[in-house]
Amino acid sequence: MAVIRDVMPAFELAQPNSISDAQKLLEQQGENGWVLAGGMDSFDWLKDRIKKPKVVVDLSGIAELKGVRATADGIEIGAMTTLTEVVQHPVIREKYKLLAESAELVASPQIRNQGTIGGNVSQDARCWYYRAGWPCYRAGGNICYADTPEGRNREHAILHADRCVAVNPSDSAPALIALDAKFVIRTSKGERVVDAEDYFLGPDIDITRLHILRPGDLLTAIRIPSTWAGAQFYFEKVRDRNVWDFPLLNVASAMVVSSGSIERIRIAVNGAAARPLRLKGVEDAVRGKPPNATTGEMAGKLAVQGAVPLQFNAYKIPLMRNLVKRAIGGVEEATWTPYNGQ
């Protein structure tokens, strides 16, 4: 039976026109404040009356949070830049196509027109138990309903689960990790810059959040260095439907090949764990080897070591293994290897 809820809970709407004003508002409100970017995640929470903030801080009027700017060593993307702008920007398409490809596979054109790059990397888990208001671990309870004999867990984690088995749903996150991006955060103590991979949290660190932002913090920009500009990129997303759907799994890689061997590489996957995973062990193992099917096969097997399937998601192990293989060895040379429990 469908759940019928009342209208959205009442809240005060604040519309600052500067980063400093927005950060001060969020700092003053603490747990009672809510950041509104494109609203694609926020309005789901509000309409279902699961989240009931007292003050919603709308960032749409802050011009300095929007647009793509050249820097001395790469580019800076304002957190309120829409996914469509990211996809269409000529510099991103020319030098950092990996990000454009990942952003273009987010949801639908209508959602990309409204959704922002900051919102995409900061969205919450999509586990239906959590989103429906069940008192699970992530919501402050003492059980993971997905990880029970009766639980539905086809879309859930195969790696690094710790009580909660929900996964991170972002498509742009693994691409930004592969590009060695930096996230710029405004806090009450000033500006803080962190590596993309360190922006995300697993349940072993904080089971209630997918990222490091605390009440009062504001993601303002994402910086991509020129280090990987023009590299050999690969992005692939597997989902149930070609439009709108979140990833079952995705993979992103940036690779530089010299004299037929992999000189340097960064590779990340998402949909396998509560946080996007940079596969450092895979990077180390393939460095100096040719980017072919043999290397890819070895990398894929290494990538899924330690994976533990749930009742309905064992398919993710061969899927992740083969996505990593394709990211390194190429699509044409790769073949599907069925899951045999290893």
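Tutor: Helices (H or I, at least four residues) and strands (E, at least two) are DSSP runs, numbered from the N terminus. This is a predicted model, where local features need pLDDT of at least 70 and side-chain atom pairs count only at pLDDT 80 or more, while totals for chains, interfaces and linings use all residues. Residues are numbered from 1 along each chain as its sequence is written, and side-chain values use heavy atoms, with hydrogens and water left out.

Student: What makes Asn-292 a cap for the N-terminal end of H12?

Tutor: A side-chain oxygen of Asn-292 lies 3.2 Å from the backbone nitrogen of Thr-294.

Student: Why is Ser-42 called buried?

Tutor: Buried means under 20% relative accessible area, exposed over 50%, partly exposed in between (1.4 Å probe, protein chains only). Ser-42 has 7% relative accessibility, so it counts as buried. You'll find Ser-42 in helix H2, residues 42–47. Leaving out residues up to four places away in sequence, Ser-42 touches Trp-34, Val-35 and Leu-36, where contact means heavy atoms within 4.5 Å.

Student: How do you know that the buried residues of H12 line one face of the helix?

Tutor: In H12 (residues 293–303), they are Thr-295, Gly-296, Ala-299, Gly-300 and Ala-303. Down the axis of H12 they fall within an arc of 135°, so they line one face; the arc is that of the directions from the helix axis to the C-beta atoms. These buried residues pack against helix H11 (280–286) and helix H13 (316–329).

Student: And what puts the buried residues of H1 on the same side?

Tutor: The buried residues of H1 (residues 19–29) are Ile-19, Ala-22, Gln-23 and Leu-26. Their arc is only 95° around the axis, which puts them on the same side of H1. Strands E2, E3, E6 and E8 are what they pack against.

Student: How do you know that E4 and E5 pair?

Tutor: Two strands pair if DSSP finds at least two bridges between them. E4 (residues 68–71) and E5 (residues 74–78) have four bridges, in the antiparallel sense, so they meet the definition. Thr-71 stands opposite Gly-74, and the strands form a hairpin with two residues between them.

Note on methods:
A polar contact is a pair of N or O atoms within 3.5 Å; within protein, one must be able to donate a hydrogen and the other to accept it, and residues adjacent in sequence count only if both atoms are side-chain atoms.
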